[in-house]
Amino acid sequence: SNQANATAYWKENLRYLLILLAFGFWFPMSGILFKDALNAIKIGGFPLGFWFAQQGSIYVFVILIFVYVRLMNKLDKKYGYDEE
């Protein structure tokens, strides 16, 4: 049925969102939690812990946007919501 199809679609969508948001939260937090170990490594003159928490977070969130778009395009095709 149409309602069951829509419910399954949103459940899978929410699962994708939670996984991507968890990774988006974990990446910058790892720079903070493990900063002493990460700061022993330098990237472009900056400690790796700083890079994870600042610049790296921006890159990760942009990548997560593209991953989400790709996942949603596949999900739309799977459930017949794509525009062809």
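## A serine under cover

S30 has a relative accessibility of 5%, so it counts as buried (under 20% relative accessible area; over 50% is exposed and anything in between partly exposed, with a 1.4 Å probe and protein chains only). The residue is found in helix α1. Skip its neighbours within four places in sequence, and S30 is in contact with K35, L38 and F52, contact meaning heavy atoms within 4.5 Å.

A word on provenance: this is a predicted model, where local features need pLDDT of at least 70 and side-chain atom pairs count only at pLDDT 80 or more, while totals for chains, interfaces and linings use all residues. Residues are numbered from 1 along each chain as its sequence is written, and side-chain values use heavy atoms, with hydrogens and water left out.

## The salt bridge

How many salt bridges does the rule give? The count is 1, taking a salt bridge as a side-chain nitrogen of Lys or Arg within 4 Å of a carboxyl oxygen of Asp or Glu. E12 pairs up with K78, and their closest N and O atoms are 3.1 Å apart. E12 sits in helix α1 (residues 2-33) and K78 in helix α4 (residues 55-79), so the bridge ties together parts that are 66 residues apart in sequence.

## Fold and overall shape

The chain has 4 helices and 2 strands, running α-α-β-β-α-α from the N terminus. These are DSSP runs numbered from the N terminus: helices are H or I with at least four residues, strands E with at least two.

Along the principal axes, the C-alpha atoms fill a box of roughly 55 × 25 × 10 Å. Among contacts with a separation of 6 or more, 63% join residues 24 or more positions apart.

## Surface and burial

Of the 84 residues, 26% count as buried. The accessible surface comes to about 6300 Å², and 69% of that belongs to carbon and sulfur atoms; areas come from the Shrake-Rupley method with a 1.4 Å probe.
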